[in-house]
Amino acid sequence: MEKNIVLLPGDGIGAEVTREARKILEYLAERYHFDLKIRVLPVGGASIDAHGVPLLDEVLHSCRQADAVLLGAVGGPKWDNHPPEIRPEKALLALRKELGLYNNLRPVRVLPPLRDASPLRPEVIEGVDLLVVRELTGGLYFGQPKGISVENGQETGVDTLRYSAPEIERIAIAAFRAARQRRQIVTSVDKANILASSQLWRKTVSRIGADYPDVELRHMLVDNCAMQLIRDPAQFDVILTENMFGDILSDEAAMLTGSIGMLPSASLGDGTAMYEPVHGSAPDIAGKDMANPLAAIASVALMFRYSFGHEQAAADIEAAILRVLEQGYRCADMSRQARQVLSTREMGDAVLKNTETC
Ligand code: IPM
Ligand code: MG
């Protein structure tokens, strides 16, 4: 079976963490007889430096043709003062929009060996296993009008929060389907006491929910959700929410695991899917061989699960990560309770070794 992968290392620690993820991907492809073809292409700041734009048309085209895309991270201080159109983040938004990746899955599981890694008390995070289903191609990130202009003599910045019913329907369906494979609870998060888009969100999610009587639907306001994630995170199974709320809540949820360096993601749509660690480019530690590659490696597990329908390979990776952590190995981001702190490369090797013996 041939699989064409586009690898977009991007900026900062992106290259280091995807290099480790690639080792595991190549190893498992061999084990399960995939004929893997990997193309490494520029994106983000790296693309701006080399080509003057964050995403070349050819690169977008290659992603469309691929069976899956693995992305490292984009962004860094070097490009912070660029105009919006030639900022690294623009590449990410363009990929999400152009590939139609409306369904962003961010699983958050507290692994037993990391019970003490979270700033929250172990009894609070006990049993946390939740999935953030974030709408990824609408809302404030993309709504028009958008921009800074002069209105009545005052400089004014505008973003537009807009959702159509079909946009809400398809992400709600994705969340209910995901919940069916899990503990059958969807918590839909909005700000329906204030926002019109949220009122439509709540109404539409309730309507779709009626088709899934086996799934319990709860509605929660976003400010309350931010609090509940700290107070009692184990109450959540699937959290369904719009783009901006999902961005914020998923970073918050990441800290339940002890480090954002643990969180993988899958962005799914109707065509090629994209996989990326949730953490950013971390320019402060880039190139130092100290970034945690586990989120990138776990993203490869999601690739096997969602793009290739190969649950065994996904499970192999997740089991190997767990074993490495049980052996006491950590990266610097979780070094507080490490028996041994590994470099990026050493952590990749440790996961590979454990995958081989899985
Ligand atoms: C994320 C990131 C991105 C986002 C940035 C890098 C544009 O924070 O994937 O959560 O805001 O969506
Ligand atoms: Mg974010």
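Predicted model: local features only at pLDDT ≥ 70, side-chain atom pairs only at ≥ 80, totals over all residues.
Helix α4 (residues 88-98) supplies the largest share of the shell around ligand 1, with 3 residues.

**Around ligand 1**

- The residues that surround ligand 1 are Glu89, Leu92, Arg96, Arg106, Arg134, Tyr141 and Asp247.
- Sorted by class, this shell holds 5 charged and 2 nonpolar residues, with no polar ones.
- In the side chain of Arg96, an N or O atom lies 2.7 Å from an oxygen atom of ligand 1.
- For Arg106, the distance from a side-chain N or O atom to an oxygen atom of ligand 1 is 2.8 Å.
- Asp247 also takes part, with 2.9 Å between an N or O atom of its side chain and an oxygen atom of ligand 1.
- On its own, ligand 1 has 320 Å² of accessible area, and the protein covers 76% of that.

**Aromatic pairs**

- The model contains 5 aromatic pairs, and two of them are described here.
- One of the pairs joins Phe34 and Phe308, whose ring centres are 5.5 Å apart. The planes of Phe34 and Phe308 make an angle of 40 degrees, and the pair counts as tilted.
- Phe34 sits in the loop between α1 (14-31) and β2 (35-40), while Phe308 sits in the loop between α10 (294-307) and α11 (311-326), so this pair ties together parts that lie 274 residues apart in sequence.
- Phe34 and Phe308 are both buried.
- Another pair is formed by Phe176 and Tyr212, which are stacked, with 5.1 Å from centre to centre and 10 degrees between the planes.
- This pair, too, links distant parts of the chain: Phe176 belongs to helix α6 (residues 165-180) and Tyr212 to the loop between α7 (196-209) and β9 (216-221), 36 residues apart.
- Is Phe176 buried or exposed? Phe176 has a relative accessible area of 0%, so it is buried.
- Tyr212 counts as buried because its relative accessibility is 8%, and the cut-off for buried is under 20%.

**Charges over rings**

- Which residue has its charged end over the ring of Phe142? That residue is Lys97, and its charged end is 4.7 Å from the centre of the ring.

- Gln228 lies in helix α8 (residues 222-231).
- With a relative accessible area of 10%, Gln228 is buried.
- The side chains of Gln228 and Arg231 make a polar contact at 3.1 Å.
- Where is Gly328 found? Gly328 is in the loop between α11 and β13 (329-330).
- Gly328 has a relative accessible area of 3%, so this residue is buried.
- Between the C-alpha atoms of Gly328 and Gln144 there is a separation of 49 Å, and along the chain Gly328 and Gln144 are 184 residues apart.

Note on methods:
Residues numbered from 1 in each chain as written. Chains lettered and ligands numbered in written order. Heavy atoms only, no water. Phe/Tyr/Trp six-rings, centres within 6.5 Å; stacked < 30°, edge-to-face > 60°. Helix = DSSP H or I, 4+ residues; strand = E, 2+ residues; numbered from the N terminus. Buried < 20%, exposed > 50% of the residue type's maximum accessible area, 1.4 Å probe, protein only. Lys NZ or Arg CZ within 6 Å of the ring centre and 35° of its normal. Near = heavy atom within 4 Å. Polar contact = N/O pair within 3.5 Å; in protein donor to acceptor, adjacent residues only side chain to side chain. Areas by Shrake-Rupley, 256 points an atom, 1.4 Å probe, with all protein chains shown as cover. Nonpolar A, V, L, I, M, F, W, Y, C, P; charged D, E, K, R; others polar.
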